[in-house]
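I opened this structure to note where its residues sit and what they touch. The entries below follow the order in which I looked things up.

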Amino acid sequence: MTASEIQAAVKGYLLEEFLPGEDPASLGDDTPLITGKVIDSIAALKLVSFLEEHFGIQIEAYEADFDHLDSIARIVRFVHSKL
């Protein structure tokens with residue numbers, strides 16, 4: 001799976017699940033998700049579940065943090081490293 005495929009899936013999920021009706025252009029690859037309060041801790045857990053199911057990866061509890069989940073770009077790198 002390519003980085004652009006991962007990026008498209010993650011962005012689509014975030015827009016549909018947490019930002020319905022939002023302009024897709026407003027969610028950039030480097031938009032801060034956690035620190036920018038786009039997603040909270042509950043949403044982060046939902047995001048982890050989506051990533052595990054959609055990409056068939058296992059995410060450890062200590063990996064579900066700001067370093068890996070705070071932007072689409074970080075999520076893409078993280079998921080790509082797990083594949």
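**Entry 1: the core**

I began with the largest nonpolar core, which has 26 residues. Those with the most contacts inside this core are Val10, Leu14, Ile39, Leu47, Leu51, Phe55 and Ile75. I noted that helix H1 (3–18), helix H2 (41–55) and helix H4 (72–82) each supply at least two residues of this core. For the term itself, a nonpolar core is a set of buried Ala, Val, Leu, Ile, Met, Phe, Trp, Tyr and Cys residues joined through side-chain atoms within 4.5 Å. Buried means under 20% relative accessible area, exposed over 50%, and partly exposed in between, with a 1.4 Å probe and protein chains only. In soluble globular proteins, nonpolar side chains tend to be buried together.

**Entry 2: what I am looking at**

The model is predicted: local features need pLDDT of at least 70, side-chain atom pairs count only at pLDDT 80 or more, and totals for chains, interfaces and linings use all residues. Residues are numbered from 1 along each chain as its sequence is written, and side-chain values use heavy atoms, with hydrogens and water left out.

**Entry 3: the whole chain**

I found 4 helices and 0 strands in the protein chain, in the pattern α-α-α-α along the sequence. Helices (H or I, at least four residues) and strands (E, at least two) are DSSP runs, numbered from the N terminus. The C-alpha atoms fill a box of roughly 30 × 25 × 20 Å, taken along the principal axes. Of the 83 residues, 37% count as buried.

I also looked up the charges: the chain has 6 positive and 15 negative side chains, and the centres of the two sets lie 4 Å apart. Lys and Arg count as positive and Asp and Glu as negative, while His and the chain ends are not counted. Each charge is placed at NZ of Lys, CZ of Arg, CG of Asp or CD of Glu.

What does Leu51 touch, not counting residues up to four places away in sequence? I listed Val10, Gly56, Ile57, Ile59, Leu69, Ile75 and Val79; contact means heavy atoms within 4.5 Å. In H4, I found Ile72, Ala73, Ile75, Val76, Phe78 and Val79 buried. The buried residues of H4 pack against H1, H2 and helix H3 (66–69).

Ile34 is partly exposed, with a relative accessible area of 27%. Not counting residues up to four places away in sequence, Ile34 touches Ile39, Asp65, Phe66, Leu69 and Asp70. Ile34 and Leu69 are 35 residues apart in sequence and 7.4 Å apart in space, C-alpha to C-alpha.

Lys37 lies in the loop between H1 and H2. Is Lys37 buried or exposed? Lys37 is exposed, at 72% relative accessible area. I noted that phi of Lys37 is near 65 degrees, a positive value in a residue other than glycine. Most residues other than glycine have a negative phi.

Ile42 is in helix H2 and counts as exposed, at 52% relative accessibility. The C-alpha atoms of Ile42 and Glu16, 26 residues apart along the chain, are separated by 16 Å.

Glu17 lies in helix H1 and counts as partly exposed, at 38% relative accessibility. The C-alpha atoms of Glu17 and Gln7, 10 residues apart along the chain, are separated by 15 Å.
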